Amino acid sequence: MISGGAGLVGIGLRAPHVAEILAARPPVGWLEVHTENYLGGGPALRALDRIRREHPISLHGVGLSLGSAEGLDRGHLARVVALTRRIEPALVSEHLSWSIAGGAYLNHLLPLPYTEESLAVVAAHVAEAQEALGRPLLVENPSSYLRFQHSPIPEPEFLAELARRTGCSLLCDVNNVFVSCRNFDHDPVAYLDALPASSIGEIHLAGHAENEADGRVILIDDHGSRVSDEVWALYARALERFGPRPTLIEWDTDIPALPVLLDEAGRAEVAITRSVAEGGSRALAA
Amino acid sequence: MPSLREIESEMRLALLGGDDGPARTMVRGDGLEPAARLAIYRHHVVTTLTAALQATFPVVCRLVDERFFAYAADRYIQVEPPSGPCLFEYGAGFANFLAGFPPCRSLPYLADVARLEWAMQRALHAPDAIPLPIRAIQGVAPDLAGSLTLTLDPSVTLLSSRYPVDRIWRANQVDEPEPAVVNLADGGARLEIRRSGDDVVFRALDPAVFVFRHALARGGDLAAATAEALAADPAFDLGSALTALFADGLPIALGPTPSTPGDDPCQREP
(Lines give C-alpha, C1' and ligand atoms only; values in the text may rest on other atoms or scores of the structure.)
Protein backbone atom coordinates (compact mmCIF):
# COMPACT_ATOMS: atom_id res chain seq x y z
CA MET A 1 0.00 0.00 0.00
CA ILE A 2 1.22 3.49 -0.79
CA SER A 3 1.36 5.36 2.49
CA GLY A 4 2.35 8.76 1.14
CA GLY A 5 3.41 10.81 -1.80
CA ALA A 6 7.18 10.52 -1.38
CA GLY A 7 8.73 8.80 -4.38
CA LEU A 8 5.71 9.40 -6.60
CA VAL A 9 6.50 13.02 -7.39
CA GLY A 10 9.14 14.04 -9.91
CA ILE A 11 10.34 17.26 -11.50
CA GLY A 12 11.17 18.17 -15.07
CA LEU A 13 14.95 18.27 -15.38
CA ARG A 14 16.09 21.32 -17.32
CA ALA A 15 19.62 22.31 -18.35
CA PRO A 16 20.16 25.01 -15.65
CA HIS A 17 19.66 22.41 -12.89
CA VAL A 18 21.70 19.50 -14.25
CA ALA A 19 24.94 20.30 -12.40
CA GLU A 20 23.09 20.92 -9.12
CA ILE A 21 21.12 17.66 -9.41
CA LEU A 22 24.34 15.75 -10.05
CA ALA A 23 26.13 17.37 -7.13
CA ALA A 24 23.39 17.63 -4.50
CA ARG A 25 21.20 14.58 -5.33
CA PRO A 26 18.07 16.23 -3.94
CA PRO A 27 15.32 13.99 -2.55
CA VAL A 28 13.10 13.84 -5.60
CA GLY A 29 11.16 10.76 -6.69
CA TRP A 30 12.13 10.85 -10.35
CA LEU A 31 13.19 13.14 -13.17
CA GLU A 32 11.61 13.75 -16.54
CA VAL A 33 13.58 15.02 -19.54
CA HIS A 34 12.60 16.03 -23.04
CA THR A 35 13.71 13.16 -25.25
CA GLU A 36 14.69 15.43 -28.16
CA ASN A 37 17.33 17.23 -26.07
CA TYR A 38 19.31 14.00 -25.67
CA LEU A 39 19.38 12.59 -29.18
CA GLY A 40 22.87 13.94 -29.89
CA GLY A 41 26.08 12.99 -28.11
CA GLY A 42 28.39 15.02 -25.93
CA PRO A 43 28.03 16.46 -22.45
CA ALA A 44 24.19 16.45 -22.35
CA LEU A 45 23.98 12.70 -22.92
CA ARG A 46 26.94 12.04 -20.61
CA ALA A 47 25.14 13.94 -17.81
CA LEU A 48 21.95 11.93 -18.38
CA ASP A 49 23.97 8.69 -18.26
CA ARG A 50 25.17 9.74 -14.80
CA ILE A 51 21.81 11.01 -13.55
CA ARG A 52 20.00 7.80 -14.48
CA ARG A 53 22.20 5.92 -12.01
CA GLU A 54 20.80 8.05 -9.17
CA HIS A 55 17.18 8.69 -10.20
CA PRO A 56 14.42 6.96 -12.17
CA ILE A 57 14.05 8.77 -15.53
CA SER A 58 11.00 9.51 -17.62
CA LEU A 59 11.54 10.27 -21.33
CA HIS A 60 8.96 12.81 -22.43
CA GLY A 61 8.93 13.25 -26.20
CA VAL A 62 7.79 16.37 -28.03
CA GLY A 63 8.73 15.39 -31.58
CA LEU A 64 7.13 12.11 -32.65
CA SER A 65 4.14 14.00 -34.08
CA LEU A 66 1.69 11.15 -33.50
CA GLY A 67 -1.03 13.06 -35.36
CA SER A 68 0.85 13.72 -38.62
CA ALA A 69 -1.22 12.58 -41.60
CA GLU A 70 1.99 12.05 -43.58
CA GLY A 71 3.18 9.32 -41.20
CA LEU A 72 5.82 9.03 -38.50
CA ASP A 73 9.39 10.15 -39.13
CA ARG A 74 10.95 6.69 -38.90
CA GLY A 75 14.49 8.05 -38.57
CA HIS A 76 13.42 10.06 -35.57
CA LEU A 77 11.57 7.10 -34.07
CA ALA A 78 14.73 4.98 -34.43
CA ARG A 79 16.72 7.60 -32.48
CA VAL A 80 14.07 7.63 -29.74
CA VAL A 81 14.21 3.83 -29.57
CA ALA A 82 18.03 3.91 -29.27
CA LEU A 83 17.89 6.46 -26.43
CA THR A 84 15.19 4.44 -24.67
CA ARG A 85 17.38 1.33 -24.81
CA ARG A 86 20.33 3.27 -23.44
CA ILE A 87 18.52 5.09 -20.60
CA GLU A 88 16.01 2.34 -19.65
CA PRO A 89 13.47 4.91 -18.45
CA ALA A 90 10.63 4.16 -16.05
CA LEU A 91 8.16 5.96 -18.33
CA VAL A 92 8.06 6.98 -22.01
CA SER A 93 5.49 9.54 -23.06
CA GLU A 94 4.35 11.64 -26.01
CA HIS A 95 1.51 14.00 -26.91
CA LEU A 96 -1.88 13.88 -28.59
CA SER A 97 -0.86 16.44 -31.21
CA TRP A 98 1.04 16.94 -34.44
CA SER A 99 4.11 19.07 -35.27
CA ILE A 100 5.26 17.91 -38.70
CA ALA A 101 3.64 18.70 -42.06
CA GLY A 102 5.31 18.64 -45.45
CA GLY A 103 8.53 17.59 -43.74
CA ALA A 104 8.69 20.79 -41.66
CA TYR A 105 8.85 20.54 -37.87
CA LEU A 106 6.81 23.42 -36.46
CA ASN A 107 8.00 23.16 -32.82
CA HIS A 108 4.53 23.27 -31.32
CA LEU A 109 2.14 20.63 -30.02
CA LEU A 110 -0.53 21.48 -32.56
CA PRO A 111 -4.19 20.55 -32.13
CA LEU A 112 -5.97 17.83 -34.08
CA PRO A 113 -9.53 17.74 -35.30
CA TYR A 114 -11.14 14.98 -33.25
CA THR A 115 -12.58 12.82 -36.01
CA GLU A 116 -12.63 9.12 -36.87
CA GLU A 117 -9.91 9.85 -39.45
CA SER A 118 -7.62 11.43 -36.82
CA LEU A 119 -8.32 8.60 -34.39
CA ALA A 120 -7.27 6.04 -37.00
CA VAL A 121 -4.09 8.01 -37.82
CA VAL A 122 -3.04 8.52 -34.18
CA ALA A 123 -3.90 4.95 -33.18
CA ALA A 124 -1.80 3.55 -36.05
CA HIS A 125 1.14 5.75 -35.04
CA VAL A 126 0.86 4.90 -31.34
CA ALA A 127 0.82 1.21 -32.30
CA GLU A 128 3.86 1.69 -34.57
CA ALA A 129 5.79 3.55 -31.84
CA GLN A 130 4.89 0.98 -29.18
CA GLU A 131 5.98 -1.83 -31.50
CA ALA A 132 9.34 -0.12 -32.12
CA LEU A 133 9.84 0.74 -28.43
CA GLY A 134 8.69 -2.67 -27.23
CA ARG A 135 6.69 -1.02 -24.47
CA PRO A 136 3.50 0.99 -23.98
CA LEU A 137 3.52 4.71 -24.50
CA LEU A 138 1.83 7.30 -22.31
CA VAL A 139 -0.09 9.85 -24.41
CA GLU A 140 -0.70 13.33 -22.98
CA ASN A 141 -3.77 15.52 -23.47
CA PRO A 142 -2.79 18.84 -25.10
CA SER A 143 -3.55 22.41 -24.10
CA SER A 144 -5.58 24.07 -26.84
CA TYR A 145 -6.28 27.57 -28.07
CA LEU A 146 -8.38 26.62 -31.07
CA ARG A 147 -10.87 24.01 -32.19
CA PHE A 148 -11.63 22.89 -35.71
CA GLN A 149 -14.99 23.39 -37.39
CA HIS A 150 -15.43 19.68 -37.75
CA SER A 151 -14.28 17.94 -34.57
CA PRO A 152 -17.20 15.88 -33.33
CA ILE A 153 -15.49 13.62 -30.75
CA PRO A 154 -14.95 15.16 -27.28
CA GLU A 155 -11.23 15.09 -26.38
CA PRO A 156 -11.49 12.80 -23.31
CA GLU A 157 -13.54 10.32 -25.33
CA PHE A 158 -10.95 10.46 -28.12
CA LEU A 159 -8.21 9.67 -25.57
CA ALA A 160 -10.26 6.87 -23.98
CA GLU A 161 -10.84 5.26 -27.38
CA LEU A 162 -7.15 5.66 -28.28
CA ALA A 163 -6.20 3.83 -25.07
CA ARG A 164 -8.76 1.12 -25.77
CA ARG A 165 -7.54 0.55 -29.34
CA THR A 166 -3.79 0.65 -28.71
CA GLY A 167 -3.34 -0.33 -25.08
CA CYS A 168 -1.45 2.90 -24.50
CA SER A 169 -1.65 4.64 -21.13
CA LEU A 170 -2.69 8.23 -20.69
CA LEU A 171 -0.71 11.09 -19.21
CA CYS A 172 -3.25 13.46 -17.69
CA ASP A 173 -1.84 16.98 -17.66
CA VAL A 174 -4.18 18.60 -15.14
CA ASN A 175 -3.01 22.09 -16.07
CA ASN A 176 -3.76 21.36 -19.74
CA VAL A 177 -7.23 20.14 -18.79
CA PHE A 178 -7.78 23.39 -16.91
CA VAL A 179 -6.36 25.60 -19.68
CA SER A 180 -8.29 23.95 -22.53
CA CYS A 181 -11.56 23.75 -20.59
CA ARG A 182 -11.33 27.39 -19.54
CA ASN A 183 -10.51 28.46 -23.11
CA PHE A 184 -13.62 26.67 -24.46
CA ASP A 185 -16.02 27.05 -21.53
CA HIS A 186 -15.97 23.37 -20.65
CA ASP A 187 -16.21 21.85 -17.18
CA PRO A 188 -12.76 20.49 -16.21
CA VAL A 189 -14.25 18.13 -13.60
CA ALA A 190 -16.52 16.59 -16.22
CA TYR A 191 -13.42 16.22 -18.46
CA LEU A 192 -11.58 14.29 -15.72
CA ASP A 193 -14.65 12.15 -15.10
CA ALA A 194 -14.75 11.18 -18.79
CA LEU A 195 -11.20 9.77 -18.73
CA PRO A 196 -10.74 6.06 -18.00
CA ALA A 197 -9.12 6.01 -14.52
CA SER A 198 -7.39 2.67 -15.10
CA SER A 199 -5.51 4.09 -18.13
CA ILE A 200 -3.98 7.04 -16.29
CA GLY A 201 -0.28 6.30 -15.75
CA GLU A 202 1.09 9.76 -15.01
CA ILE A 203 -0.06 13.27 -14.09
CA HIS A 204 1.55 16.58 -15.06
CA LEU A 205 1.27 19.85 -13.15
CA ALA A 206 2.51 23.25 -14.33
CA GLY A 207 1.74 26.95 -14.26
CA HIS A 208 -0.07 28.89 -16.96
CA ALA A 209 -0.39 32.52 -17.99
CA GLU A 210 -3.45 34.65 -18.62
CA ASN A 211 -3.32 36.57 -21.89
CA GLU A 212 -5.89 38.77 -23.51
CA ALA A 213 -6.90 38.62 -27.17
CA ASP A 214 -9.55 41.05 -28.41
CA GLY A 215 -10.96 41.52 -24.92
CA ARG A 216 -11.17 37.78 -24.25
CA VAL A 217 -8.99 36.04 -21.68
CA ILE A 218 -7.03 33.14 -23.14
CA LEU A 219 -5.06 30.89 -20.82
CA ILE A 220 -1.63 30.01 -22.22
CA ASP A 221 0.16 26.87 -21.07
CA ASP A 222 3.58 28.50 -20.69
CA HIS A 223 5.01 26.42 -17.81
CA GLY A 224 6.42 29.66 -16.44
CA SER A 225 5.04 29.95 -12.91
CA ARG A 226 3.85 28.01 -9.86
CA VAL A 227 0.83 25.74 -10.23
CA SER A 228 -2.32 27.85 -9.73
CA ASP A 229 -4.69 27.25 -6.80
CA GLU A 230 -7.44 26.21 -9.20
CA VAL A 231 -5.17 23.59 -10.76
CA TRP A 232 -4.16 22.29 -7.30
CA ALA A 233 -7.88 21.87 -6.54
CA LEU A 234 -8.38 20.04 -9.83
CA TYR A 235 -5.34 17.86 -9.02
CA ALA A 236 -6.97 16.84 -5.72
CA ARG A 237 -10.03 15.87 -7.72
CA ALA A 238 -7.89 13.90 -10.21
CA LEU A 239 -6.23 11.98 -7.36
CA GLU A 240 -9.61 11.21 -5.88
CA ARG A 241 -10.80 9.88 -9.21
CA PHE A 242 -7.63 8.14 -10.50
CA GLY A 243 -5.91 7.20 -7.24
CA PRO A 244 -2.27 8.04 -6.50
CA ARG A 245 -0.25 8.41 -9.72
CA PRO A 246 3.32 9.45 -10.57
CA THR A 247 3.10 13.23 -10.73
CA LEU A 248 5.46 15.70 -12.37
CA ILE A 249 6.13 19.38 -11.77
CA GLU A 250 7.00 20.99 -15.14
CA TRP A 251 8.62 24.40 -15.53
CA ASP A 252 10.03 25.54 -18.89
CA THR A 253 10.09 29.34 -19.12
CA ASP A 254 11.59 31.70 -16.51
CA ILE A 255 13.01 28.59 -14.85
CA PRO A 256 13.38 29.26 -11.10
CA ALA A 257 15.96 28.00 -8.61
CA LEU A 258 15.75 24.28 -7.92
CA PRO A 259 14.30 24.71 -4.39
CA VAL A 260 11.18 26.31 -5.90
CA LEU A 261 10.57 23.19 -7.99
CA LEU A 262 11.23 20.96 -4.97
CA ASP A 263 8.76 23.05 -2.96
CA GLU A 264 6.07 22.51 -5.61
CA ALA A 265 6.92 18.79 -5.62
CA GLY A 266 6.50 18.74 -1.82
CA ARG A 267 3.06 20.25 -2.23
CA ALA A 268 2.08 17.48 -4.66
CA GLU A 269 3.39 14.87 -2.21
CA VAL A 270 1.17 16.31 0.53
CA ALA A 271 -1.83 16.20 -1.82
CA ILE A 272 -1.17 12.53 -2.62
CA THR A 273 -0.75 11.62 1.05
CA ARG A 274 -3.98 13.43 1.90
CA SER A 275 -5.92 11.79 -0.93
CA VAL A 276 -4.71 8.34 0.13
CA ALA A 277 -5.79 9.03 3.75
CA GLU A 278 -9.16 10.37 2.62
CA GLY A 279 -9.61 7.44 0.24
CA GLY A 280 -8.94 5.13 3.19
CA SER A 281 -11.52 6.82 5.40
CA ARG A 282 -14.06 6.81 2.56
CA ALA A 283 -13.50 3.08 2.18
CA LEU A 284 -13.97 2.55 5.95
CA ALA A 285 -17.16 4.60 5.99
CA ALA A 286 -18.63 2.68 3.09
CA MET B 1 -14.89 18.42 -45.40
CA PRO B 2 -11.09 18.80 -45.53
CA SER B 3 -8.94 15.76 -44.81
CA LEU B 4 -6.45 15.72 -41.94
CA ARG B 5 -3.65 16.09 -44.48
CA GLU B 6 -5.29 19.19 -45.96
CA ILE B 7 -5.86 20.70 -42.52
CA GLU B 8 -2.24 20.15 -41.48
CA SER B 9 -0.95 21.48 -44.79
CA GLU B 10 -2.99 24.70 -44.49
CA MET B 11 -2.03 25.08 -40.81
CA ARG B 12 1.62 24.76 -41.77
CA LEU B 13 1.22 27.51 -44.35
CA ALA B 14 -0.52 29.81 -41.86
CA LEU B 15 1.97 29.15 -39.03
CA LEU B 16 4.98 29.83 -41.24
CA GLY B 17 3.66 33.23 -42.24
CA GLY B 18 1.99 32.31 -45.53
CA ASP B 19 -1.65 32.74 -46.56
CA ASP B 20 -3.85 31.84 -43.58
CA GLY B 21 -7.10 32.16 -45.58
CA PRO B 22 -7.82 28.44 -46.01
CA ALA B 23 -6.81 27.64 -42.39
CA ARG B 24 -9.18 30.36 -41.13
CA THR B 25 -12.13 28.60 -42.74
CA MET B 26 -11.25 25.37 -40.90
CA VAL B 27 -11.03 26.90 -37.42
CA ARG B 28 -13.87 27.88 -35.09
CA GLY B 29 -13.84 31.41 -33.76
CA ASP B 30 -15.32 30.61 -30.32
CA GLY B 31 -15.72 34.33 -29.57
CA LEU B 32 -12.60 35.46 -31.47
CA GLU B 33 -11.59 35.87 -35.09
CA PRO B 34 -10.16 32.53 -36.29
CA ALA B 35 -7.11 34.53 -37.40
CA ALA B 36 -6.52 35.61 -33.78
CA ARG B 37 -6.52 31.97 -32.68
CA LEU B 38 -4.07 31.01 -35.44
CA ALA B 39 -1.91 33.97 -34.40
CA ILE B 40 -1.50 32.51 -30.90
CA TYR B 41 0.07 29.42 -32.44
CA ARG B 42 2.13 31.35 -34.99
CA HIS B 43 3.55 33.53 -32.21
CA HIS B 44 4.72 30.44 -30.33
CA VAL B 45 6.24 28.80 -33.42
CA VAL B 46 8.21 31.92 -34.39
CA THR B 47 9.35 32.95 -30.90
CA THR B 48 10.53 29.49 -29.86
CA LEU B 49 12.37 28.84 -33.13
CA THR B 50 13.93 32.30 -32.93
CA ALA B 51 15.05 31.51 -29.38
CA ALA B 52 16.59 28.24 -30.61
CA LEU B 53 18.54 30.12 -33.31
CA GLN B 54 19.59 32.76 -30.79
CA ALA B 55 20.95 30.04 -28.50
CA THR B 56 23.00 28.59 -31.36
CA PHE B 57 24.14 31.94 -32.83
CA PRO B 58 24.65 34.26 -29.82
CA VAL B 59 27.52 36.23 -31.40
CA VAL B 60 25.62 36.81 -34.65
CA CYS B 61 22.76 38.09 -32.48
CA ARG B 62 25.12 40.39 -30.58
CA LEU B 63 26.60 41.74 -33.82
CA VAL B 64 23.25 42.68 -35.36
CA ASP B 65 21.23 43.31 -32.13
CA GLU B 66 18.25 41.31 -30.95
CA ARG B 67 15.59 43.11 -32.96
CA PHE B 68 17.33 42.67 -36.28
CA PHE B 69 18.16 39.07 -35.37
CA ALA B 70 14.47 38.35 -34.73
CA TYR B 71 13.63 39.90 -38.12
CA ALA B 72 16.23 37.80 -39.94
CA ALA B 73 15.22 34.67 -38.00
CA ASP B 74 11.56 35.19 -38.91
CA ARG B 75 12.47 35.26 -42.61
CA TYR B 76 14.80 32.29 -42.27
CA ILE B 77 12.14 30.23 -40.47
CA GLN B 78 9.79 30.83 -43.41
CA VAL B 79 12.23 29.68 -46.06
CA GLU B 80 13.93 26.93 -44.05
CA PRO B 81 11.84 25.62 -41.16
CA PRO B 82 13.38 22.80 -39.10
CA SER B 83 13.37 19.45 -40.87
CA GLY B 84 13.30 17.50 -37.61
CA PRO B 85 12.38 17.82 -33.94
CA CYS B 86 15.89 18.16 -32.46
CA LEU B 87 16.28 21.91 -32.23
CA PHE B 88 20.00 21.66 -31.53
CA GLU B 89 20.22 20.52 -35.16
CA TYR B 90 18.33 23.54 -36.50
CA GLY B 91 20.26 26.27 -38.27
CA ALA B 92 22.59 24.39 -40.66
CA GLY B 93 21.60 26.75 -43.45
CA PHE B 94 21.45 29.97 -41.42
CA ALA B 95 24.94 31.13 -42.48
CA ASN B 96 24.12 30.73 -46.18
CA PHE B 97 20.81 32.49 -45.61
CA LEU B 98 22.60 35.45 -43.98
CA ALA B 99 25.15 35.53 -46.82
CA GLY B 100 22.30 36.08 -49.28
CA PHE B 101 20.14 38.33 -47.07
CA PRO B 102 20.32 41.83 -48.58
CA PRO B 103 19.98 43.76 -45.25
CA CYS B 104 23.19 42.04 -44.04
CA ARG B 105 25.28 43.24 -46.99
CA SER B 106 27.09 45.83 -44.87
CA LEU B 107 28.39 43.07 -42.56
CA PRO B 108 30.36 40.86 -44.98
CA TYR B 109 31.89 38.77 -42.15
CA LEU B 110 28.51 37.93 -40.54
CA ALA B 111 27.90 34.69 -42.47
CA ASP B 112 31.36 33.38 -41.56
CA VAL B 113 30.75 34.17 -37.87
CA ALA B 114 27.55 32.13 -38.23
CA ARG B 115 29.59 29.31 -39.82
CA LEU B 116 31.92 29.37 -36.81
CA GLU B 117 28.99 29.25 -34.37
CA TRP B 118 27.35 26.44 -36.33
CA ALA B 119 30.61 24.45 -36.25
CA MET B 120 30.69 24.95 -32.47
CA GLN B 121 27.10 23.76 -32.17
CA ARG B 122 27.88 20.65 -34.25
CA ALA B 123 30.91 19.96 -32.08
CA LEU B 124 28.91 20.24 -28.85
CA HIS B 125 26.36 17.63 -29.92
CA ALA B 126 28.54 15.31 -32.01
CA PRO B 127 28.70 11.68 -30.92
CA ASP B 128 31.61 10.62 -28.73
CA ALA B 129 34.42 8.88 -30.59
CA ILE B 130 37.53 7.03 -29.49
CA PRO B 131 40.78 8.32 -31.02
CA LEU B 132 42.95 5.92 -32.95
CA PRO B 133 46.54 5.41 -31.71
CA ILE B 134 49.30 6.30 -34.18
CA ARG B 135 50.47 2.69 -34.24
CA ALA B 136 47.32 1.97 -36.29
CA ILE B 137 49.10 3.42 -39.34
CA GLN B 138 52.62 2.36 -38.44
CA GLY B 139 51.92 -1.15 -39.73
CA VAL B 140 50.71 0.06 -43.13
CA ALA B 141 53.13 -0.86 -45.92
CA PRO B 142 54.85 2.25 -47.34
CA ASP B 143 53.60 1.58 -50.88
CA LEU B 144 50.00 1.54 -49.61
CA ALA B 145 50.31 4.51 -47.26
CA GLY B 146 49.61 7.07 -49.98
CA SER B 147 46.14 5.69 -50.65
CA LEU B 148 45.24 5.61 -46.96
CA THR B 149 42.25 7.68 -45.85
CA LEU B 150 41.36 8.63 -42.29
CA THR B 151 38.01 9.22 -40.61
CA LEU B 152 38.31 12.23 -38.33
CA ASP B 153 36.52 12.86 -35.03
CA PRO B 154 32.87 13.75 -35.89
CA SER B 155 33.03 16.91 -33.77
CA VAL B 156 35.72 18.45 -36.03
CA THR B 157 35.09 21.25 -38.53
CA LEU B 158 37.83 22.95 -40.55
CA LEU B 159 36.68 26.44 -41.39
CA SER B 160 38.50 29.11 -43.34
CA SER B 161 37.39 32.69 -43.70
CA ARG B 162 38.85 35.77 -45.30
CA TYR B 163 37.83 37.61 -42.11
CA PRO B 164 39.30 37.27 -38.59
CA VAL B 165 36.17 35.51 -37.33
CA ASP B 166 38.00 34.00 -34.33
CA ARG B 167 38.92 37.47 -33.07
CA ILE B 168 35.45 38.79 -33.84
CA TRP B 169 33.95 35.90 -31.86
CA ARG B 170 36.24 36.46 -28.84
CA ALA B 171 35.63 40.19 -28.83
CA ASN B 172 31.88 39.60 -28.63
CA GLN B 173 31.63 37.29 -25.65
CA VAL B 174 29.23 38.47 -22.96
CA ASP B 175 32.02 38.58 -20.38
CA GLU B 176 33.89 41.11 -22.56
CA PRO B 177 32.47 44.38 -21.20
CA GLU B 178 34.27 46.51 -23.79
CA PRO B 179 34.30 44.71 -27.12
CA ALA B 180 37.81 44.96 -28.50
CA VAL B 181 38.29 46.61 -31.86
CA VAL B 182 38.95 44.01 -34.54
CA ASN B 183 40.54 45.24 -37.71
CA LEU B 184 39.05 43.44 -40.70
CA ALA B 185 42.28 44.14 -42.60
CA ASP B 186 44.13 41.89 -40.12
CA GLY B 187 43.46 39.01 -42.45
CA GLY B 188 41.50 35.81 -42.42
CA ALA B 189 41.45 32.73 -40.24
CA ARG B 190 41.95 29.02 -40.76
CA LEU B 191 40.28 27.35 -37.81
CA GLU B 192 39.87 23.89 -36.41
CA ILE B 193 36.75 23.61 -34.24
CA ARG B 194 36.14 20.52 -32.13
CA ARG B 195 34.97 19.19 -28.79
CA SER B 196 37.54 18.49 -26.13
CA GLY B 197 36.02 16.70 -23.12
CA ASP B 198 32.80 18.60 -22.41
CA ASP B 199 34.07 21.84 -23.98
CA VAL B 200 34.03 23.15 -27.52
CA VAL B 201 37.35 24.67 -28.53
CA PHE B 202 38.77 26.25 -31.65
CA ARG B 203 42.22 27.33 -32.69
CA ALA B 204 43.99 28.73 -35.69
CA LEU B 205 46.11 26.34 -37.76
CA ASP B 206 49.03 27.29 -39.96
CA PRO B 207 48.20 27.24 -43.68
CA ALA B 208 49.78 23.92 -44.67
CA VAL B 209 48.45 22.03 -41.64
CA PHE B 210 44.99 23.44 -42.31
CA VAL B 211 45.11 22.38 -45.96
CA PHE B 212 46.37 18.90 -44.97
CA ARG B 213 43.65 18.29 -42.36
CA HIS B 214 40.99 19.85 -44.55
CA ALA B 215 41.88 17.48 -47.40
CA LEU B 216 41.73 14.47 -45.06
CA ALA B 217 38.40 15.62 -43.62
CA ARG B 218 36.98 15.73 -47.15
CA GLY B 219 37.96 12.08 -47.58
CA GLY B 220 41.15 12.70 -49.57
CA ASP B 221 43.91 10.14 -49.19
CA LEU B 222 47.31 10.83 -47.63
CA ALA B 223 48.99 11.34 -51.01
CA ALA B 224 46.44 13.93 -52.12
CA ALA B 225 46.44 15.70 -48.74
CA THR B 226 50.24 15.83 -48.76
CA ALA B 227 50.31 17.24 -52.29
CA GLU B 228 47.86 19.99 -51.32
CA ALA B 229 49.85 20.81 -48.19
CA LEU B 230 53.13 20.98 -50.14
CA ALA B 231 51.50 23.31 -52.64
CA ALA B 232 50.56 25.60 -49.75
CA ASP B 233 54.00 25.37 -48.15
CA PRO B 234 56.98 23.57 -49.75
CA ALA B 235 58.45 23.08 -46.26
CA PHE B 236 55.49 20.93 -45.17
CA ASP B 237 56.69 17.77 -43.37
CA LEU B 238 54.35 14.78 -43.55
CA GLY B 239 55.93 12.90 -40.63
CA SER B 240 55.50 15.67 -38.11
CA ALA B 241 52.04 16.53 -39.49
CA LEU B 242 50.88 12.95 -38.91
CA THR B 243 52.41 12.83 -35.42
CA ALA B 244 50.56 16.04 -34.52
CA LEU B 245 47.31 14.77 -36.07
CA PHE B 246 47.35 11.62 -33.93
CA ALA B 247 48.58 13.50 -30.85
CA ASP B 248 45.52 15.74 -31.25
CA GLY B 249 43.34 12.62 -31.28
CA LEU B 250 41.70 13.48 -34.59
CA PRO B 251 41.71 10.17 -36.53
CA ILE B 252 39.14 7.71 -35.22
CA ALA B 253 39.28 5.09 -37.99
CA LEU B 254 41.20 4.11 -41.09
CA GLY B 255 39.17 4.34 -44.26
CA PRO B 256 36.97 6.90 -45.91
CA THR B 257 35.18 9.62 -44.02
CA PRO B 258 31.47 8.83 -44.03
CA SER B 259 29.80 11.94 -45.34
CA THR B 260 26.42 13.11 -44.15
CA PRO B 261 24.52 14.90 -46.89
CA GLY B 262 23.96 18.54 -46.14
CA ASP B 263 26.28 18.59 -43.15
CA ASP B 264 29.70 19.24 -44.56
CA PRO B 265 32.42 19.07 -41.90
CA CYS B 266 34.68 21.17 -44.09
CA GLN B 267 33.41 24.65 -44.59
CA ARG B 268 35.00 27.40 -46.55
CA GLU B 269 33.63 30.66 -47.64
CA PRO B 270 31.98 30.31 -51.07
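# A walk through chains A and B

Start by selecting helix α11 (residues 207-217) and helix α12 (residues 222-232) of chain B: their axes cross at roughly 155° and come within 8 Å. That angle makes α11(B) roughly antiparallel to α12(B) (over 145 degrees counts as roughly antiparallel, under 35 as roughly parallel, 65 to 115 as roughly perpendicular, and the rest as oblique). Axes here are lines fitted to C-alpha atoms, for helices over the stretch in contact, with angles from 0 to 180 degrees between N-to-C directions. Helices are DSSP runs of H or I with at least four residues, strands are E runs of at least two, and both are numbered from the N terminus.

Before going further, note that this is a predicted model, where local features need pLDDT of at least 70, side-chain atom pairs count only at pLDDT 80 or more, and totals for chains, interfaces and linings use all residues. Residues are numbered from 1 along each chain as its sequence is written, while chains are lettered from A and ligands numbered from 1 in the order in which they are written.

Stay on the helix pair. Show side chains for Pro207(B), Ala208(B), Val211(B), Phe212(B), Ala215(B) and Leu216(B) in α11(B), which meet Ala224(B), Ala225(B), Glu228(B), Ala229(B) and Ala232(B) in α12(B). Contact means C-beta atoms, placed from the backbone, within 7 Å.

Now color α11(B) by burial: 10 of its 11 residues are buried, so the helix is largely enclosed by the rest of the structure. Buried means 20 or more other C-beta atoms within 10 Å of a residue's own, exposed means 12 or fewer, and partly exposed is in between, with C-beta atoms placed from the backbone. The buried set includes Phe210(B), Arg213(B) and His214(B). After the helix, click on Gly219(B), whose phi is positive, near 100°.

Next, pick Leu159(B) in strand β2 (residues 157-161) of chain B. Leu159(B) counts as buried, with 25 C-beta neighbours inside 10 Å. Draw a C-alpha to C-alpha distance to Phe202(B): 10.0 Å in space, for 43 residues in sequence.

Two loop stops follow. Asp30(B) sits between α2 (21-26) and α3 (34-56) of chain B, and its phi is near 50°, a positive value in a residue other than glycine. With 14 C-beta neighbours inside 10 Å, Asp30(B) is partly exposed. Over in chain A, Arg25(A) lies in the loop between α1 (18-24) and β2 (30-34). Arg25(A) has a positive phi of about 40° and is exposed, with 11 other C-beta atoms within 10 Å.

Then select helix α4 (residues 116-133) and helix α5 (residues 155-166) of chain A, which pack at about 45° with axes 10 Å apart. That makes α4(A) oblique to α5(A). Their contact residues divide into 7 nonpolar, 2 polar and 2 charged.

Last stop: the interface, where 39 residues of chain A are in contact with 40 residues of chain B. On the chain A side, β6(A) gives the most, with 6 residues.

Definitions and conventions
Ala, Val, Leu, Ile, Met, Phe, Trp, Tyr, Cys and Pro count as nonpolar, Asp, Glu, Lys and Arg as charged, and the others, Gly among them, as polar. Two residues are in contact if their C-beta atoms, placed from the backbone, lie within 7 Å.
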